[in-house]
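Hi,

Here is the structure you were waiting for. My notes on it follow below.

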Amino acid sequence: MALNKNKVIAAAQRYTQKGQLDRAIREYKTLVEEDPEDVRIWLKIGDLYTRKGSISHAVQTYNRVAEHYRSKGFFLKAVAVYKSVLKIDPGYIDAHLALAEMYVKLGLVPDAISQFQIVVGSYERTARRREGLDLLKRIVDIAPDEVSNRIRLAEGYAAQEAQAQAVTEFRTVLDQLETRQAFDDFIQVAERLLYLAPEEHGVTRRLAQIYVKKGEPKRALARLQLLFRADPRDTETLTLLAGTFHSLGQTSKAVAVYRELARILHEVGNPSGSAS
């Protein structure tokens with residue numbers, strides 16, 4: 001014999017008004033036993049569990065509803081339900097993760113990143129570093145121009161001793177910062193990269209050039225001297241070094257470097273060493 005749905009709902013409502021929440025829940029459950037896809041009734045059950053303080057049961061019930069909406073493509077409705085979950089259990093990481101995925105599907109990238117970052121923070125606090133790193137890669141994939149997230153990813157690689165990947169991410173950050181002429185940030189990131197990988201001579205040269213642009217020739221000189229020791233015949237380094245000595249008022253040193261540069265360029269242009 002089929003249930004009289006209206007009669008059951010009326011009974012459940014009466015029990016709810018009397019504060020008899022367990023009896024109301026039992027009434028509603030008879031309906032979802034007959035029709036498990038009735039998400040409106042499941043929501044009522046979740047609300048009642050919330051009222052009686054049965055948080056785990058409420059979360060489980062809401063998740064069932066959210067997954068139903070998600071599977072049907074009703075992403076806005078799923079978002080609303082996941083938000084209900086987080087109101088009663090803000091630390092429920094799976095809900096933050098699911099909410100982030102819904103925001104991605106809806107094209108709400110900043111909101112998605114905000115939720116993903118909460119999850120990353122939780123993973124980092126609980127030593128789930130590999131999962132945190134994978135999620136940081138996801139964040140960078142959906143928002144590649146966000147420098148702070150890419151730096152966080154680079155540091156994550158460094159913490160995992162994945163130096164090649166860390167260097168690649170730091171280089172990308174430097175390209176972004178130089179394009180934006182964010183020279184102070186460029187310096188901070190470049191110094192961090194060179195601490196990690198001092199053999200990155202191209203980055204060292206770019207850093208020296210930035211120091212010159214900012215009117216800090218002494219700091220440029222310190223970096224250029226490292227380059228000179230690594231390769232005393234590099235013409236780009238010598239050109240920068242001569243110009244930096246000139247900026248510092250060290251004319252005799254600048255002249256000496258220019259002479260060395262001219263000699264090397266002459267050798268390159270006349271490799272046989274014969275008179276031209």
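Lys83 is partly exposed, at 42% relative accessible area. On this scale, buried means under 20% relative accessible area, exposed means over 50%, and partly exposed lies in between (1.4 Å probe, protein chains only). Lys83 is found in helix α5. Helices are DSSP runs of H or I with at least four residues, strands are runs of E with at least two, and both are numbered from the N terminus. Leaving aside neighbours within four places in sequence, Lys83 is in contact with Leu99 and Tyr103. Contact means heavy atoms within 4.5 Å. Gly53 sits 30 residues from Lys83 in sequence and 17 Å away in space, C-alpha to C-alpha.

Before you read on: this is a predicted model, so local features need pLDDT of at least 70 and side-chain atom pairs count only at pLDDT 80 or more, while totals for chains, interfaces and linings use all residues. Residues are numbered from 1 along each chain as its sequence is written, and side-chain values use heavy atoms, with hydrogens and water left out.

Surface patch

Helix α5 covers residues 75–88 and also holds Leu76. Leu76 is exposed, with a relative accessible area of 62%. Together with Leu106 and Leu108, Leu76 forms a nonpolar patch on the surface. The three share about 250 Å² of accessible area. Areas come from the Shrake-Rupley method with a 1.4 Å probe; for residues, only the protein chains shown count as cover. Patches are built from residues with over 30% relative accessible area and no salt bridge; like charges are joined within 9 Å, and nonpolar side chains (Val, Leu, Ile, Met, Phe, Trp, Tyr) within 5 Å.

Core

The largest nonpolar core has 86 residues. Such a core is a set of buried Ala, Val, Leu, Ile, Met, Phe, Trp, Tyr and Cys residues joined through side-chain atoms within 4.5 Å. Which members touch the most others? They are Tyr28, Ile41, Ile45, Tyr82, Leu174 and Leu193. Ile41 touches Ile9, Tyr28, Leu31 and Val32, not counting residues up to four places away in sequence.

Asn149 is in helix α9 (residues 147–159). Asn149 counts as buried, at 4% relative accessibility. Beyond four places in sequence, Asn149 touches Ile113, Gln117, Ile139 and Val140.

Salt bridges

The count is 20 salt bridges. The rule is a side-chain nitrogen of Lys or Arg within 4 Å of a carboxyl oxygen of Asp or Glu.

- Arg138 and Glu101 meet at 2.7 Å, N to O. The pair links distant parts of the chain, 37 residues apart: Arg138 is in helix α8 (residues 129–142) and Glu101 in helix α6 (residues 93–105). Arg138 is partly exposed, at 27% relative accessibility.
- Asp134 pairs with Lys137, with the closest N and O atoms 3.4 Å apart. Both lie in helix α8, three residues apart, about one turn of the helix. Asp134 is partly exposed at 38%, and Lys137 is partly exposed at 29%.
- Asp234 bridges to Arg205, with the closest N and O atoms 3.2 Å apart. Asp234 lies in the loop between α13 (217–230) and α14 (235–247) and Arg205 in helix α12 (residues 201–213), so the pair ties together parts 29 residues apart in sequence. Asp234 and Arg205 are both buried.
- Arg233, Glu260, Arg263 and Glu267 are linked in a network of salt bridges.

Aromatic pair

There is one aromatic pair. Tyr69 and Phe74 have ring centres 6.4 Å apart and planes at 65°, so the pair is edge-to-face. Rings of Phe, Tyr and Trp (its six-membered ring) pair if their centres lie within 6.5 Å; planes under 30 degrees apart count as stacked, over 60 as edge-to-face and the rest as tilted. Tyr69 is buried, at 10%, whereas Phe74 is partly exposed, at 42%.

Backbone

Ala127 has a positive phi of about 60° although it is not a glycine. Ala127 is in the loop between α7 (109–125) and α8, and is partly exposed at 47%. Gln181, also not a glycine, has a positive phi near 60°. Gln181 is in the loop between α10 (163–179) and α11 (183–196). Gln181 counts as exposed, at 59% relative accessibility.

Best wishes
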